Amino acid sequence: MKRAATLRLLSDLSNFSGAARLREFLAADPAVRVRCSPDGRHLLLLRAPGAPAPQLLVAVQAPGEELERAWPAGHPSPLDAFFLPWPVRPALVLVWESGLAEVWGSGVGPGWRLLQSTELCPDGGARVVAVAAPRGRLVWCEERPAETAAFCHCVCVRTLEPSGEAGTNLGRTHLLLHHCPAFRLLASRKELFLVPTTTTWPGVDHILLIWSPGKGKMMVAAPSLRLSHSKSLNPGRGDSWDFRTLLRGLPGLLCPRQPLTVHTWAPTPQGLLLLDFRGTVSLVQSHGGTRAVGTLQEAPVGLAGSAALGTFRGTLACVLGSTLELLDMSSGQLLERKVLSTDRVHLLEPLAPGTKDEELMETRGGLRLLSALGLFQVGWEAPQSLELPSAEDLVFEEACEYYQRRSLRGAQLTPEELRHNNIFRAPQALASILQGHVSPSTLLTTLRAELRDYRSLEQLKAQLVAGDDEETGWTELAEQEVARLLRTELMGDQLAQLNTIFQALPTAAWGAILRALQLQPDGNGRLRSQAPPDVWKKVLGGTAVGKEPPNGVLPPFELLCQCLCQLEPRWLPPFVELAQQQGGPGWGAGAPGLPLYRRALAVLGTEGTRPEALELELLLGSGRPKAVLQAVEQLVQKEQWERALEAGLALGPSSPLLRSEIFKLLLAEFARHRRLDAHLPLLCRLCPPDLAPAELLLLLQTHLPEESEPLTPFPEAGVKPPLTVGLLRVLLEQTGAQGRPSGPVLSLYEDILCDQGTPPPTPPRGPMTALQASDHPGPGAWAPSGQGLCVTDTG
């Protein structure tokens, strides 16, 4: 039977003191701030500063006397006002922008009276920009003009405690945050949310803070990045945080992001609700996680549109203008939509847990709405017929009887045990399906795969019982089980079961992996895969850094590497290289920055005990500069010159620095001995194009061996000749040719030495006319000084 939402009138406001003034406030000013006392009998209405008098009204449900206060022009009205959280004796606190705080109370005598007045900012010059009162505390954000413009605010807290006739005591001030931007403060029953405002510095306007006083923790969250981090913050122990220092330790939260474009914030017992301008409602929970709740049919129109959010019994209520929408908090489904007769509706806070009034207790199953027309309650209508158990309850009751019949233990199973015990997966999965958490298409796909596996297992069971080809049967069973496990979340029992199959039947298990990942050689010694990213994501998942797998259970990737080392070691480097191409950011659980080649090296053993050939292949195929350089150094130590040169030449143009480092490493060996002479052409190909001859000579000079005896033109027999200019000729010519067109002039005459242009004209050899004689220099210009030689053609 479909539930129906009801909107029930609780009061037409006539039973409140000052009912006429109360209706006037609600009808005339849409921006009036409305708060309800914890016992539900007092309504506080506060107009914004600058509004017409009176600015403050406290209406009391009879019997009682209202409180009405007005501040004349030139005297600012309170910035905010709150009821204190203990409902025994009504009390409220008023806070001004200047830092003045007043506590008012009633109940001892007739009317309201001032109980206490104090200054929150005794130093002067500070300005309060936001204030909240979470469960026995007064928290405010103040601006200090002496600080820098971007981070000139701080957040302070004082305790509020009930005390006899005085009503309350304000404790000493504790500093929670300093050097922080302006925050808006929103309080729920257990948490205080510090959210950015329109004036928050652009670099941090996507970050919000969640303070849990009971836990002594401050959660830093970035909903747009889906990141959060917890810090200890207990003012009772003197804890205080510099906001700038806090964020410097969390560089991941400072990624450039768009600011939070939020139309309405609303604290609830489940967390902080936020409504954006697209009509999407999200929930920021106390641990910093953010999840989408649902999307409204209508989106708010600009900042001027009014909106209010609230929750009751797993239902989200949103009042947007004159429309009330009810959404399921679990699925985001729209349950009901109502059009109200007014667009000025306020949602009231839920009643305090200690409320004992029977009349008010009836309203705790719904949400109260206040308007000038009266006080209403929205809730779900209880069915008049006999209430039948839900489908979920029937599932667990039936499963309880089934498991009890098959159980060998004497203890009695209960439906509650099945709900919370992770061993019994089938009834929990069926209950989730009945709740609508699984879409029909996903459900159909899952059921097809499960039924296919079930049929195959039954056939294999009959084959093994009959004793027909047992080895083939076990192999097929292992392959099917590995394929089934790859469709699940490989954690806990599933991961342990996968390890057991690889230990018992490694060949069959690897065959199943081949088919799941669709691995095929490409003819060049490499592997290719056409498997979807979801399969690779499960295979590449790992464990947290510094945490050993429980009971020696290996993650899937390490398990496959270990299996390849046993079956086909030569395919391990190509498999790791393919996995590096398939991996996405953050796929290694808990260790997104740990490269896959290091995880594969850990499977081979500790350093010094690994197979050298496999280690070199993994380092060279990793694509990481440090790993490739480490592999080249090992090849140099083994004097495998050609392979070391090929490793450097295999690097593309995108790695010029790494190629240069490898060239300098091999050039140093070329300067020390003559074992690299045969590979000089490859060394020339590796030479960086921007290396000048002078730099080349300086590098060689650094690594030339020291000669203890004077050099001779012809070394003795058995002694290796030193490095000569002839050996360097090819390198020098190559570096000179590369640097000539655009390189700087190194000397005054280098442009002459390097000039390949037209030489000067030769002297004339025949008789010249007067015109030719004027164009050519005389014979004296070509003859040495003091000689009057003249060469003529007598021909």
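Leu 486 is buried, with a relative accessible area of 9%; here buried means under 20% relative accessible area, exposed over 50% and partly exposed in between, with a 1.4 Å probe and protein chains only. The model is predicted, so local features need pLDDT of at least 70 and side-chain atom pairs count only at pLDDT 80 or more, while totals for chains, interfaces and linings use all residues. Residues are numbered from 1 along each chain as its sequence is written, and side-chain values use heavy atoms, with hydrogens and water left out.

Leu 486 sits in the loop between α8 (470-485) and α9, where helices (H or I, at least four residues) and strands (E, at least two) are DSSP runs numbered from the N terminus. Setting aside residues up to four places away in sequence, Leu 486 touches Ile 513, Ala 516 and Lys 538, a contact being heavy atoms within 4.5 Å. Val 535 is 49 residues from Leu 486 in sequence, yet their C-alpha atoms are 7.2 Å apart in space.

The protein has 795 residues, of which 40% are buried, and its secondary structure comprises 23 helices and 33 strands. Of the contacts between residues at least 6 apart in sequence, 49% join residues at least 24 apart.

Two packed helices are described by the angle between their axes and the distance between the axes. Helix α9 (residues 493-504) packs against helix α10 (residues 506-517) at an angle of about 120°, and their axes are 5 Å apart. These axes are lines fitted to C-alpha atoms, for helices over the stretch in contact, and angles run from 0 to 180 degrees between N-to-C directions. The angle makes α9 oblique to α10, since angles under 35 degrees count as roughly parallel, over 145 as roughly antiparallel, 65 to 115 as roughly perpendicular and the rest as oblique. On the α9 side the contact is made by Ile 501, Phe 502, Gln 503 and Ala 504, and on the α10 side by Pro 506, Ala 509, Trp 510 and Ile 513. These residues divide into 7 nonpolar, 1 polar and no charged, where Ala, Val, Leu, Ile, Met, Phe, Trp, Tyr, Cys and Pro count as nonpolar, Asp, Glu, Lys and Arg as charged, and the others, Gly among them, as polar.

Gln 518 occupies the loop between α10 and β32 (519-521). Its phi is near 55°, a positive value in a residue other than glycine, and Gln 518 is partly exposed at a relative accessible area of 35%. His 179, in strand β14 (residues 174-180), likewise has a positive phi near 55° and is not a glycine.

Leaving aside neighbours within four places in sequence, Phe 575 is in contact with Trp 510, Leu 517, Leu 519, Leu 527, Trp 536, Phe 557, Leu 560, Cys 561 and Leu 564.

Helix α17 (residues 641-649) has Trp 641, Ala 644, Leu 645, Ala 647, Gly 648 and Leu 649 buried. The cover over these residues includes α15 (612-621), α16 (625-637), α18 and α19 (680-686). Within α16 lies Glu 633, which is partly exposed at a relative accessible area of 38%.

Two further sites complete the picture. Ser 188, in the loop between β15 (183-187) and β16 (192-196), counts as buried at 13% relative accessibility. Apart from residues up to four places away in sequence, Ser 188 touches Pro 134, Phe 193, Pro 267 and Thr 268. Glu 143 lies in strand β11 (residues 137-143) and is partly exposed at 23% relative accessibility. The C-alpha atoms of Glu 143 and His 153, 10 residues apart in sequence, are 4.4 Å apart in space.
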